[in-house]
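Hi everyone, thanks for making time for this. I'd like to walk you through one structure, and please stop me whenever you like.

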Amino acid sequence: MPTDAAPSGEPLAVEAVAEAVRRIWAEVLEVEVESIDIHHSDFFELGGYSLLALQSIGRLLAEYGVDEVAAVELEGALLNRLFEDATPMAQAKCLVAGGQGDAAPGGDAGS
């Protein structure tokens with residue numbers, strides 16, 4: 001019987017977005033991708049701060065092709081979520097809940 005969940009029990013879209021968040025964090029924070037655990041790594045403990053958070057969120061929204069109107073609201077939601085739970089998985093869940101992340105990065109996720 002096919003499943004729409006990854007081995008961790010997370011929906012596939014959320015897992016894929018969490019991997020994109022992880023990669024973007026590694027770039028922004030200048031750390032190895034492998035050093036970031038999507039479920040447990042904390043953006044701020046990895047050396048992040050508010051300006052880097054905005055930069056990583058901007059890159060994530062651009063990668064998923066979020067238009068400017070949707071990006072304004074979603075950027076605030078992602079930033080608030082980051083301060084509540086600073087893990088890649090939390091960012092991924094917030095992005096998917098905002099209606100994004102169904103398409104591959106660089107695709108038209110808003111259609």
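I'll start with the overall layout, then visit a ring cluster, a serine and a glutamine.

Before anything else, please keep in mind that this is a predicted model.

So, how many helices and strands does the protein have? There are four helices and zero strands, and reading from the N terminus the order is α-α-α-α. The protein has 111 residues, and 40% of them count as buried. The accessible surface comes to about 6100 Å², with 53% of that belonging to carbon and sulfur atoms. If you take the contacts with a separation of 6 or more, 58% of them are between residues 24 or more positions apart.

Now for the aromatic rings. The count of aromatic pairs comes to three. Take Phe43 and Phe44: their ring centres are 5.3 Å apart and the planes sit at 90 degrees, so this pair is edge-to-face. Are these two buried or exposed? Phe43 counts as buried, because its relative accessibility is 0% and the cut-off is under 20%. Phe44 has 28% relative accessibility, so Phe44 counts as partly exposed.

Phe44 also pairs with Phe83, and that pair is stacked, with 5.2 Å from centre to centre and 20 degrees between the planes. Which parts of the chain does this pair link? Phe44 is in the loop between α1 and α2, while Phe83 belongs to helix α3, residues 68-84, and the two are 39 residues apart. Ring pairs join Phe43, Phe44 and Phe83 with Trp25 into a cluster.

With a relative accessible area of 11%, Ser41 is buried. What does the side chain of Ser41 reach? The answer is the backbone nitrogen of Asp37, at 2.6 Å. Leaving aside neighbours within four places in sequence, Ser41 is in contact with several residues, including Trp25, Ser35, Ile36 and Leu46. Ala86, Thr87 and Pro88 are also among the contacts of Ser41.

Last stop, Gln100. Where does Gln100 sit? You'll find Gln100 in the segment after α4 (88-97). Its relative accessible area is 8%, so Gln100 is buried too. The C-alpha atom of Gln100 is 7.2 Å from that of Tyr64, although the two residues are 36 apart along the chain.

That's my tour, and I'm happy to take questions.

Technical notes: Residues are numbered from 1 along each chain as its sequence is written. This is a predicted model: local features need pLDDT of at least 70, side-chain atom pairs count only at pLDDT 80 or more; totals for chains, interfaces and linings use all residues. Side-chain values use heavy atoms; hydrogens and water are left out. Buried means under 20% relative accessible area, exposed over 50%, partly exposed in between (1.4 Å probe, protein chains only). Contact means heavy atoms within 4.5 Å. Accessible areas come from the Shrake-Rupley method with a 1.4 Å probe; for residues, only the protein chains shown count as cover. A polar contact is a pair of N or O atoms within 3.5 Å; within protein, one must be able to donate a hydrogen and the other to accept it, and residues adjacent in sequence count only if both atoms are side-chain atoms. Rings of Phe, Tyr and Trp (its six-membered ring) pair if their centres lie within 6.5 Å; planes under 30 degrees apart count as stacked, over 60 as edge-to-face and the rest as tilted.
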